[in-house]
Amino acid sequence: MLETIELRKVFKGKTAVEEVSLYLEKGESVGLLGPNGAGKSTTISMISSLLLPTSGDVRLNGKSVVKNPQDIRKVLGVVPQEIALYNELSAYENLKFFGRIYKLKGNHLESKIQEVLEMVGLRERQKELIKAFSGGMKRRINIAAALLHDPQIVIMDEPTVGIDPQSRNHILETVRLLNREKGTTVLYTSHYMEEVEQLCNRMYIMDHGQIIASGTQDELRRILSGEDTLLIQLNEPSPELVQELLVLDPVRQVEETESGLKLIVTKQSGILAHVVQVAERLSVQIVNINVYTPSLEDVFLQLTGRKLRD
Amino acid sequence: MGPFFKKDLLILWRERYDTLVMTIIFLIMIIILGYTTSSWVEKKNESLQMTVAIVNEDNDPSGLIAFKNAIASSSLTSEAQASLGLQAEQRLPAKSLIQILDSIDFVKSIPMDQDAAMQALKNKEITAMINIPAGFTLATLNKMLLDDGEGGSKITLTADQRGSMSVDVLQDVVNEFMQQVNLQTAIDHALVTKVDQYSKMDQTLTLGGREQIAGIEPLGSFQYYTFAISIIASLILAQTVALKAITEKREHVFNRILVTGSHPARYLFGKAGSIFCVTFVQFALLIVASQFIFDLFPNRSIKFWFGMVFILVLYSLCVAALTMLFTSLTFRIKESAATGILTLIIMVIGCAGGSFTPIYILPDWIKYVGEWTPNGLSLSIFISWIQHDNLASLTVPFLRLGLLCIVMIVMSSLLFPRRGRI
């Protein structure tokens, strides 16, 4: 349905996006993961025809969006990362304005406004000014404004940043509803791996303007299929222990956590004994050890060398 | 354009208290400037220095002799004849006028003949010439003292239009002189039982008379500042609306609008439409408030007020075009610099266009530049309308204002960023 072909964007000699190729099938929910500055928002701007790519193309059903931006604008709903609403207007007035510029009119517009307000759970508060809303409520109206014209594709750029758990749950529920019940195609970008794990069938991982991995959750987890994750709880932090563990052959990565260390190690017997020995030698007390299968967060860490929220 | 217009109007309505407070502040500014700088506007300072040619075709002595001969041959008693003769000697009208002109420190009067005075006027060596016609003394004395005849021949004031502000002052002087002469005549005749008749006389028409110069009305400082400050108020309003585009850009509201497929021109014209309405209302409020407080335009006709509304509509269109230009500029310049740059533009065009100080006291080159600013041009149109009350004479300024609007709209369209470059 929608694909990008080797998209590239250069700003004043600095490459923000480098040959990004991705696709969305009809009715899919696809995640786009990456830390700050990875190039997600620039990619979204090019897909939604707001930014001209330096090279490459965006195609909707085979037709170039770069050449014919009107085509995608009819079927696309974009939820920007920012609260793109008028603070001086009420929720209802904002939705009415955006509905009217989507060329909705009369009773149809009125029913759509009420429908999307119901969807985001703010129908009762539609007359209140946006500036009086909490961050989470603003984000919900931000989403509602992108859904007024029943878009076939919705792009959400980090829609849950900085909000309360209640609003976050509401937003996730809305995305689920859109995708699973209404069949809307969703491209969802986030800092939060668990959101993408909950919502998306497939995902792309971006870093430094490039897509470094893609696939279903299982496919991505398979990147670390030969590894285990050890979560070690220590009585006190020990930089010496980190240095010693990194020398061990099976240890692929060591990350300091609040209570101790997180290790990604190749699956092999005896690694636990090695770790305990080193700790004893350095007089570091191990309080607890957990071994589990790596998560997508671990995959991300392995691929990029940094955490998703860095 | 409809949704954009309504949205912008609604936002401005939500901020109506701010706008109202600003309007009150501007009203206070009108009061302060109207009182403190009235001398600048009301033409009493040294910049109004003028040289006036006196073309005196009258002959005082022979006029006086003729008057005395006339009373000598009348049936009046010898005491009455002596009294009237003495009064005539003391009230020679042409001589009095020249004495009044000589007593005004910014008027320099020079006796000239008709041809020399015309030449001097053409060469701009003098501001105006005053013609005192032959027989003026005799006719005026006959009317004043004997109530005989239709009064003196008219004193003619001839001037170059470009010196109209000085001419306006001079006309006031001549007018005041004639009123004094007429008043004195009325008092004299009242003593002789014709009180009612003379107290009801139209003083400006009875004696001597004067030549009205194209219906010029004097301009008061409160009139000037009502318009100058109201114009600045609307420029600041234009800036406020344009600066909202910064927030729309920063918060990606504008991008959201573009994603809907709306043409950017609708966004620009929406702003123009809303600012047109608000400018009109704010300006009208300031004029109406000033009218009630200062009695700006007493006894003006309905035609005058319709003309004022028409000019205000044109001016509001001009502010709308300026708002479009400012909005486009805010998309072009850095967010942090936008407020400063727009304020600077307003300050510069405000100064050049006479919005802070009367245009009369500015150097000629600034006046010239000011004539091409939307505020300066509009102010001169308002002033011309107040003074001349003649729309036909404003055709050229209207065309210039229209041209300025078109230029600003075209510039805003060219400056507005193309797709993918916002």
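**Notes on the two-chain model**

Strand S1 (residues 50-56) of chain B and strand S2 (residues 107-111) of chain B pair in the parallel sense over 5 bridges. This is a predicted model, in which local features need pLDDT of at least 70, side-chain atom pairs count only at pLDDT 80 or more, and totals for chains, interfaces and linings use all residues. Residues are numbered from 1 along each chain as its sequence is written, and chains are lettered from A and ligands numbered from 1 in the order in which they are written.

1. Strands here are DSSP runs of E with at least two residues, and helices are runs of H or I with at least four, both numbered from the N terminus. Two strands pair if DSSP finds at least two bridges between them. On the S2(B) side, B:Val52 has B:Ser109 as its bridge partner. S1(B) is also joined to strand S3 (residues 128-132) of chain B by 5 bridges, and these two run parallel. In that pairing, B:Asn56 stands opposite B:Ile132 of S3(B). S1(B) is mostly covered, with 5 of its 7 residues buried. A residue is buried if 20 or more other C-beta atoms lie within 10 Å of its own, exposed if 12 or fewer, and partly exposed in between, with C-beta atoms placed from the backbone.

2. **Chain B as a whole.** Chain B contains 19 helices and 4 strands. Of its 422 residues, 37% are buried. Two residues are in contact if their C-beta atoms, placed from the backbone, lie within 7 Å. Taking contacts in chain B between residues at least 6 apart in sequence, 81% join residues at least 24 apart.

3. **Where the chains meet.** Contacts link 24 residues of chain A with 19 residues of chain B. On the chain A side, the elements giving two or more residues are helix H2 (69-75), strand S6 (76-79) and helix H3 (91-101). The largest share, 5 residues, comes from H3(A). By residue type, this side of chain A divides into 16 nonpolar, 2 polar and 6 charged. Ala, Val, Leu, Ile, Met, Phe, Trp, Tyr, Cys and Pro count as nonpolar, Asp, Glu, Lys and Arg as charged, and the others, Gly among them, as polar.

4. After H3(A) comes A:Lys103, which has a positive phi, near 70°.

5. **How H3 and H4 of chain A pack.** The two helices pack at an angle of about 125°, and their axes are 10 Å apart. Axes are lines fitted to C-alpha atoms, for helices over the stretch in contact, and angles run from 0 to 180 degrees between N-to-C directions. H3(A) and H4(A) are therefore oblique to each other; angles under 35 degrees count as roughly parallel, over 145 as roughly antiparallel, 65 to 115 as roughly perpendicular and the rest as oblique. From H3(A), residues including A:Ala91, A:Leu95 and A:Gly99 meet residues of H4(A) including A:Leu109, A:Ile113 and A:Val116. The residues of this contact divide into 7 nonpolar, 1 polar and 3 charged.

6. **The S12-S13-S11-S14 sheet of chain A.** These 4 strands form an open sheet with antiparallel pairing. Its edge strands are S12 (251-256) and S14 (286-292), each pairing on one side only. Neighbouring strands are turned by 20° against each other on average, direction ignored. Strand S11 (residues 227-234) of chain A runs antiparallel to S14(A), with 6 bridges joining them, and A:Gln233 stands opposite A:Asn288 in S14(A). Helix H11 (residues 296-304) of chain A packs on the sheet and touches S11, S12 and strand S13 (260-266), its direction making about 105° with that of S12(A).

7. **The S2-S1-S4-S5 sheet of chain A.** This open sheet of 4 strands has antiparallel pairing. The edge strands here are S2 (14-24) and S5 (63-64). Strand S1 (residues 2-11) of chain A is joined by 5 bridges to strand S4 (residues 55-60) of chain A, and the two run antiparallel. The bridge partner of A:Thr4 in S4(A) is A:Val58. Helix H1 (residues 40-47) of chain A packs on this sheet, touching S1, S2 and S4 of chain A, and its direction makes about 120° with that of S1(A).
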